[in-house]
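Thanks for coming. I will take a few minutes to walk through one model, part by part.

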Amino acid sequence: MRYYLSKVSDTLSHMNRTYTVQTYGCQMNVHDSERIAGLLDEAGYLPVVPGEQADLVVFNTCAVRENADNKLYGNLSFLAPIKKANPRMQIAVGGCLAQKDQSIILKKAPYVDVVFGTHNVGSLPILLERARIEEESQIEILESLEHFPSTLPARRLSAFTSWVSISVGCNNTCTFCIVPTLRGVEKDRPIADILLEIRALVAQGVIEITLLGQNVNAYGVEFGDRGAFANLLRQCGEIEGLERVRFMSPHPRDFTDDVIDAMAGTKNVMPHLHMPLQSGSDRILQEMRRSYRSSRYLGILDRVRSAIPTAMITTDIIVGFPGETESDFQATLDLASQAKFSAAYTYKYSIRPGTPAGVMENQVPAEIVGERYTRLHEHQQGISLSVNKEAIGHSHRALVSEVEGRRDAVQSRLTGKTEDFRLVHFDATSQARPGDFVDLKITDASAHYLIAEEISHLRTRGGDAHAARTAEISNQPLMLGIPTVK
């Protein structure tokens, strides 16, 4: 593979050079950033110590919303004087925005050293070396996948949880979305390769994996097996030592009853479903080309809850799609009430150049979009609070978080994620480590999290893996930096 070519470069040129990866966007981008970090590790770079300026800054970008563009170019402007003062420093821009803007990035920020796309992540080390030797910016944007990202080395953010990509690209034609243009058509990994990666991760101490795809439950479409995703879930249930399996994000169009059966019948598949809605209005769904209507969407939720009574449902909703009327918006509020989402990730519609929605008439004025966004947020807050209060008095098992695990120091709390994907805070006097399980009794709730007291805790291989990594880091000060997720 091409990334191995970077090994022939002069190792001394990388000695003591540090890097950081700043990630914008979805879980697929986080997965790719772990691969970018792994490639840089292999090429001889070192993660930067937090608080210090890295010799190499890599931006792994998103193009789904306009604020991602603004954030990138704002950060590039911030780095301009630092780069001018230290010409040895390098800046690379990859991901969806790089695939979309290509040479525009160099026009706006000519001091960027490398621009690479979503299809050639593995090219980054050699492009950096070429830019250094030739003293000239390098741009390489491929239009088709070079190799599956999961085949690349990785520096994982967590010792006990991991993303596993089962497909890349998307065959849908949603009018608001630019992802199929940037990621390409769906490409599915062979199931044997996926299971091999999962078993290897479990052997390293991982106890929770999240299966990833732009349209994860369409897995198998490339090789003509509509039952492939349900089969994959069931096979994950047979892997000894794998305690939790999650997946995101499915599409209602491809969500079949055999997936529900697999979720209900596979003990390590967690009772949580993230099912993007986007709008509760059938007219807007049609304009979005979402290929389902509200009745089908609610029918899926009913069948999931019938098979898995403890399941929690989360969703994505777009406010202010072109032509959205007050009655369309009210339909979204009404459906949210019916669906009883435990959480909803809500977004203001923004024009994405190159999408059909971007040239539609009747773009909704920004002030109306903002007002509706606020109303939806407040409406969902009430629903989430009501759903979470129902947990009071019940017991849940939480996996103690690594990233969030000790952030709530002011309240002297640890945090974790329940089986159904809810954030829970509990007493910091617990002896549980990140990566361990804690059995909890829920005592209080807010719209965003649960409060609990510990019943007992269970030490796990995941906790052992976290402890081992922490010990290794404490003995190697230069290895403190990890990719930054923004």
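I start with a pair of helices: α9 passes α11 in a right-handed crossing. A crossing is right-handed if the near helix is turned clockwise from the far one by less than a right angle, and left-handed if anticlockwise. The model is predicted, so local features need pLDDT of at least 70 and side-chain atom pairs count only at pLDDT 80 or more, while totals for chains, interfaces and linings use all residues. Residues are numbered from 1 along each chain as its sequence is written, and side-chain values use heavy atoms, with hydrogens and water left out. Helices (H or I, at least four residues) and strands (E, at least two) are DSSP runs, numbered from the N terminus.

Back to the pair. Helix α9 covers residues 257–265 and helix α11 covers residues 294–307; they pack at an angle of about 25°, with axes 9 Å apart. Axes here are lines fitted to C-alpha atoms, for helices over the stretch in contact, and angles run from 0 to 180 degrees between N-to-C directions. α9 and α11 are therefore roughly parallel to each other, a term for angles under 35 degrees. On the α9 side the contact (heavy atoms within 4.5 Å) is made by Asp257, Ile260 and Ala264, and on the α11 side by Ile300, Arg303, Val304 and Ala307. Those residues divide into five nonpolar, no polar and two charged. Nonpolar means Ala, Val, Leu, Ile, Met, Phe, Trp, Tyr, Cys and Pro; charged means Asp, Glu, Lys and Arg; the others, Gly among them, are polar.

Next, helix α5. Which of the residues in 124–134 are buried? They are Leu124, Pro125, Leu127, Leu128, Glu129 and Ala131. Buried means under 20% relative accessible area, exposed over 50%, and partly exposed in between, with a 1.4 Å probe and protein chains only. The cover over the buried residues of α5 includes α1 (27–42), β3 (56–61), β4 (90–95), β5 (114–116) and β6 (138–140). After α5 comes glutamate 135, with a positive phi near 55°.

Now the barrel. Five strands form a closed barrel in the order β15-β16-β17-β19-β18, with mixed pairing. Neighbouring strands of this sheet are turned by 50° against each other on average, direction ignored. Two strands pair if DSSP finds at least two bridges between them. Strand β16 (residues 413–418) is joined to β17 by five bridges, and the two run antiparallel. Leucine 414 has phenylalanine 426 in β17 as its bridge partner. β16 and β17 form a hairpin with four residues between them, and phenylalanine 421 in the turn has a positive phi of about 75°.

On to β19. Strand β17 (residues 423–427) and strand β19 (residues 450–458) run parallel, joined by three bridges. Valine 424 has leucine 450 in β19 as its bridge partner, and histidine 425 stands opposite isoleucine 451 in β19.

Last, some backbone details in loops. Most residues other than glycine have a negative phi, and most peptide bonds are trans. A cis peptide bond joins methionine 248 and serine 249, with omega about -10°; serine 249 is in the loop between β11 (244–248) and α9. Serine 291, not a glycine, has a positive phi of about 60°, and is found in the loop between α10 (282–288) and α11. At 41% relative accessibility, serine 291 counts as partly exposed.

Technical notes
Parallel < 35°, antiparallel > 145°, perpendicular 65-115°, else oblique.
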